[in-house]
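The structure is shown first.

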Amino acid sequence: METIEKIVSRTLGINLKAKTRARQYVDARYIYFKICTELTNKTYSEIGKTLDKDHSTVTHAVNKYFPTAYDYDPKFKKNFEECLDRSKRALEIAKYSIEETEVSILYNENVDLKKRLKEANIELAICNSEKPMDLDPELVKMLERVPEDKMELFLIRLDALTKMI
């Protein structure tokens with residue numbers, strides 16, 4: 001709803017939180033309320049709280065005032081249509097940005113897990129190897145970093161990790 005509030009404010013050049021009953025401010029708030037009811041799943045109370053109004057103000061705006069103003073005031077209708085269109089576009093862009101971010105996070109996690117699996121398989125090979133001299137010195141160093149009292153726990157976790165994959 002913050003996105004919608006910014007769009008309506010910028011489009012109409014109005015501070016929606018201003019404490020005034022001037023027609024242009026009331027119209028802008030009512031446009032905001034109507035767009036929020038159409039594009040979000042928020043309750044009237046939740047929508048009203050964003051502008052320090054209660055649910056009855058939102059109910060009046062959406063059910064009583066809006067239909068009349070939309071039908072009989074061309075400027076109001078034009079402003080609403082413009083704000084609605086911009087809000088829809090902004091929310092679509094935000095949706096794709098979130099999806100791209102989630103995909104990026106999942107990809108990075110996948111790369112990290114593959115790396116950890118590779119390391120775990122190498123360490124398992126070290127643990128199972130009877131000839132540590134045949135192993136890469138870096139791998140031996142990695143294994144040596146595990147404290148002796150934690151080695152059993154390390155091997156159990158390593159075995160569980162390899163079984164999961």
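Helix α2 spans residues 23-39 in this predicted model. The 17 residues of α2 reach 24 Å from the first C-alpha to the last, close to the 24 Å expected at 1.5 Å a residue. The buried residues of α2 are Val-26, Asp-27, Ala-28, Arg-29, Tyr-30, Ile-31, Tyr-32, Phe-33, Lys-34, Ile-35 and Cys-36.

**Largest pocket**

The largest pocket holds about 220 Å³ of space. Which helix gives the largest share of its lining? That share, five residues, comes from α2. Helices α2 and α5 (74-128) each supply at least two lining residues. Among the residues that line the pocket are Arg-23, Gln-24, Asp-27, Ala-28 and Ile-31. The lining also includes Leu-12, Ile-14, Asp-73, Lys-75, Phe-76 and Asn-79. By class, the lining residues divide into five nonpolar, two polar and four charged.

**Salt bridges**

Side chains of opposite charge can pair when their charged atoms come close. Eight salt bridges are found in a search of the whole structure.

| Pair | Closest N and O atoms |
|---|---|
| Lys-6 and Glu-2 | 3.4 Å |
| Arg-23 and Asp-27 | 3.6 Å |
| Asp-85 and Arg-89 | 2.8 Å |

Lys-6 and Glu-2 both lie in helix α1 (residues 2-12), four residues apart, or about one turn of the helix. Glu-2 is exposed because its relative accessible area, 54%, is over the 50% cut-off. Lys-6, at 41% relative accessibility, counts as partly exposed.

Arg-23 and Asp-27 are both in helix α2, and four residues, about one turn of the helix, separate them. Is Asp-27 buried or exposed? Asp-27 is buried, because its relative accessible area of 11% falls under the 20% cut-off.

In helix α5, Asp-85 and Arg-89 are four residues apart, about one turn of the helix. Asp-85 is partly exposed, with a relative accessible area of 38%. Arg-89 also counts as partly exposed, at 46% relative accessibility.

A network of salt bridges links Lys-78, Glu-82 and Arg-86.

Methods: Residues numbered from 1 in each chain as written. Predicted model: local features only at pLDDT ≥ 70, side-chain atom pairs only at ≥ 80, totals over all residues. Heavy atoms only, no water. Expected span 1.5 Å × (residues − 1). Buried < 20%, exposed > 50% of the residue type's maximum accessible area, 1.4 Å probe, protein only. 1 Å grid on protein atoms, 1.4 Å probe; cavity = no way out; pocket = protein on both sides within 12 Å on 5 of 7 lines; lining within 4 Å. Points joined across faces, edges and corners; volume = space filled by probe spheres on them. Nonpolar A, V, L, I, M, F, W, Y, C, P; charged D, E, K, R; others polar. Salt bridge = Lys/Arg side-chain N within 4 Å of Asp/Glu carboxyl O.
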